Amino acid sequence: MYFRKSLLLAFSSLILFAACKKQGTNVELTGGLVPVLSANLSGTIPLSSATGSNQAIAFKWTNPSYSFSNGLSSLNVTYNLEFDTAGANFTSPNMQTVQISPDLGTSFTVDNLNSLIANGLQLAFGQSHTIQVRVVSFIAPYTSGSPEI
């Protein structure tokens, strides 16, 4: 009797697993480009508090044109501008990240840039500093809670 029940259970399991059909397809990243960052200024940028509401600098970058096995991405790409002191290679504990999504550019006023440098990077006000800026792009992972694509 025990052997019969075991055999029936094993046979039922085999049928159950054989009857399952995988649905859907896996979408994979097939390519993309590294976004290229550019700025409207280089060299020394005067950051006087008297001109705080003026534009200090504008950044723009190229679209990474992510492509997937089902075609080009229609998802919004998130961009982060990362600021760090020169030579720290974006590893400084004071490195600052500003999220810009989904635009391909942004600008900073003198007050915004002063705040980022003094409060964020914790660099002394009124002194010349060399900073590095880079753009990082990514698409948020698709999860079961994400809207339908």
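I started with Leu-41, which counts as partly exposed because its relative accessibility is 40%. My cut-offs, with a 1.4 Å probe and protein chains only, are under 20% relative accessible area for buried, over 50% for exposed, and partly exposed in between. A reminder before going on: this is a predicted model, so I read local features only at pLDDT of at least 70 and side-chain atom pairs only at pLDDT 80 or more, while totals for chains, interfaces and linings use all residues. Residues are numbered from 1 along each chain as its sequence is written, and side-chain values use heavy atoms, with hydrogens and water left out.

**Around Leu-41.** I found Leu-41 in the loop between strand E2 (37-39) and E3. Helices (H or I, at least four residues) and strands (E, at least two) are DSSP runs, numbered from the N terminus. Leaving aside residues up to four places away in sequence, Leu-41 touches Ala-56 and Ile-57; contact here means heavy atoms within 4.5 Å. I also looked up Phe-59, 18 residues from Leu-41 along the chain, and the two C-alpha atoms are 8.9 Å apart.

**The whole chain.** I counted two helices and nine strands, in the order α-β-β-β-β-β-β-β-β-α-β. Of the 149 residues, 23% count as buried. Among contacts between residues at least 6 apart in sequence, 69% join residues at least 24 apart.

**Helix H2.** Which residues of H2 are buried? For this helix, residues 110-120, my list reads Val-110, Leu-113, Asn-114, Leu-116, Ile-117 and Gly-120. An α-helix has 3.6 residues a turn, so residues three or four places apart point the same way. The cover over the buried residues of H2 includes strands E3 (55-61), E6 (78-85), E7 (96-100), E8 (105-109) and E9 (131-138).

I then picked out Asn-114, which is buried because its relative accessibility is 12%. A polar atom of the Asn-114 side chain lies 3.1 Å from the backbone oxygen of Leu-47. Not counting residues up to four places away in sequence, Asn-114 touches Leu-47, Asn-119 and Phe-125.

**The largest pocket.** I noted a volume of about 600 Å³ for the largest pocket. Of its 25 lining residues, Ile-45, Leu-47, Ile-117, His-129 and Ile-131 are the closest to its centre. A pocket, on a 1 Å grid over the protein atoms alone, is an open set of points where a 1.4 Å probe fits, with protein on both sides within 12 Å along at least five of seven lines; lining residues have an atom within 4 Å of a point. Grid points are joined across faces, edges and corners, and the volume is the space filled by probe spheres set on them.

Which element gives the largest share of the lining? H2 does, with four residues.

I found a cis peptide bond between Ser-101 and Pro-102, with omega about -10 degrees; Pro-102 is in the loop between E7 and E8. Asn-89, in the loop between E6 and E7, has a positive phi near 55 degrees. Just after H2, Gln-122 has a positive phi of about 60 degrees. Is Gln-122 buried or exposed? Gln-122 counts as exposed because its relative accessibility is 55%.

How values were computed:
A polar contact is a pair of N or O atoms within 3.5 Å; within protein, one must be able to donate a hydrogen and the other to accept it, and residues adjacent in sequence count only if both atoms are side-chain atoms.
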